[in-house]
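Student: I am new to this structure, and I would like to go through it slowly with you. Could we take each term together with the rule behind it?

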Amino acid sequence: MTASTEPATDGRPLLNRRLAEFGTTIFAEMSALAQRTGALNLGQGFPDTDGPEEVREAAVRALRDGRGNQYPPGPGVPELRQAVAAHQERFYGHLGLGWDPDREVLVTAGATEAIAAALLGLLEPGDEVIALEPYYDSYAAGIAMAGGTRVPVTLRPGADGAYHLDLDELRDAVTPRTRLILLNTPHNPTGTVLRREELAAIAELCHERDLLAVTDEVYEHLVFDGEHLPLASFPGMRERTVSISSAGKTFSFTGWKVGWVTAPPELLTAVRSAKQYLTYVSAGPFQYAVAEALRLPESYYTGLRDDLRDKRDLLSAGLAEAGFRVHRPAGTYFVTADIRPLGGTADGLDFCLGLPERCGVVAVPTQVFYDHREEGASLVRFAFCKRREVLKEAVARLQAR
């Protein structure tokens, strides 16, 4: 998984040292393996059906009407910024959270760009960033590109099978060089949803040690057990939090790459200063469509949640019957499973590389999301954002392996 660093003619590596540890993403590798073998791809987290027809038609209408076919405004089209602010008020206004669409909302090329821009805009070389491992792989690359140092705090499964945050370990990870906490809840890949008391403790720590927070909340509407509480809604956290979400997971249009940042003006300026030199702008017509998507009725959001909860249960039960030890997620698209009860290899990477030929199913080895590889050595991640017939066939193949 490590990129080549063969020397150039002057003796220097071709790839700068900050990115030397990063090669092709595991998602690209496993999806290519799925294509090559014809296996069912439960590795990468994208749906195999498109989102609402009315949202697709809104994109077509924007294209035909000439809206967004040229450069949209740098901060995002006003209609989408207003829709994002209205969405936040609609779902989190009861928690006291609200945003000015003109001064506190920024549209990005998906959440991945938003995270990168936040890290580039807020970090100085040598700053430390605490991230909960296992973590989405772009976190490590973004921290490296900004010249920061990542400090992992490991989520571990408890007796209930769910993953939990050790608050003492989190507190011990903070040093005088810590700049911010990069928080993902609902959490990919473990599926944990941080509880109110955990978030309150994180907020208290941020105040005590004068830390910023960057929160990745792309799975905010995919919560099956518990509730999603934005960290920015906790006392005193609005002014020190950059909150990030996107349309891809909520509306099943992952290819559109429309995300957004909400933050107080000072923090948003820092993010925008970096973002404007990344993509500058993107997804013009799709921004208008996402503005309409964010206004969909409550029944859409509850229907999405209930459908994915059923799929979670289908896949979790099937994996357990196939012999995996399943860590049932409280949210997101993903189920994490331990392969050790199956016998054979206890290495998740070896298991996933052989699985397509053996069973015709692709999964992702969770160890690639850890700095402490031994913590996730025997774990693999399956995505359940697929059609039921695909999940049933995948389960049947795994049970017949």
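Student: How much space lies in the second largest pocket?

Tutor: This is a predicted model, in which local features need pLDDT of at least 70 and side-chain atom pairs count only at pLDDT 80 or more, while totals for chains, interfaces and linings use all residues. Residues are numbered from 1 along each chain as its sequence is written, and side-chain values use heavy atoms, with hydrogens and water left out. The second largest pocket holds about 340 Å³, a volume being the space filled by probe spheres set on grid points that are joined across faces, edges and corners.

Student: What makes a set of points a pocket rather than a cavity?

Tutor: On a 1 Å grid over the protein atoms alone, a cavity is a set of points where a 1.4 Å probe fits but cannot get out, whereas a pocket is an open set with protein on both sides within 12 Å along at least five of seven lines. Lining residues have an atom within 4 Å of a point, and for the second largest pocket there are 16 of them, with Phe91, Glu220, His221, His228 and Arg305 nearest its centre.

Student: Which element gives the most to that lining?

Tutor: Helix H11 does, with 5 residues; helices (H or I, at least four residues) and strands (E, at least two) are DSSP runs, numbered from the N terminus. H11 covers residues 298-321 and lies across S11, S12 and S15.

Student: Why are S14 and S15 called paired?

Tutor: Two strands pair if DSSP finds at least two bridges between them, and S14 and S15 have 2 bridges in the antiparallel sense, so they qualify. The bridge partner of Val364 is Arg381 in S15. These strands belong to an open sheet of 4 strands in the order S11-S12-S15-S14, where S11 and S14 are the edge strands, each pairing on one side only.

Student: How do you know that both faces of strand S10 are covered?

Tutor: Buried means under 20% relative accessible area, with exposed over 50% and partly exposed in between (1.4 Å probe, protein chains only). Gly259 and Val261 on one side and Trp260 and Thr262 on the other are all buried, so both faces count as covered.

Student: Which residues stand opposite Trp260 and Val261 in S10?

Tutor: Val107 stands opposite Trp260, and Ile244 stands opposite Val261. S10 pairs in the antiparallel sense with S2 over 4 bridges, and with S9 over 4 bridges.

Note on methods
Contact means heavy atoms within 4.5 Å. Axes are lines fitted to C-alpha atoms, for helices over the stretch in contact, and angles run from 0 to 180 degrees between N-to-C directions.
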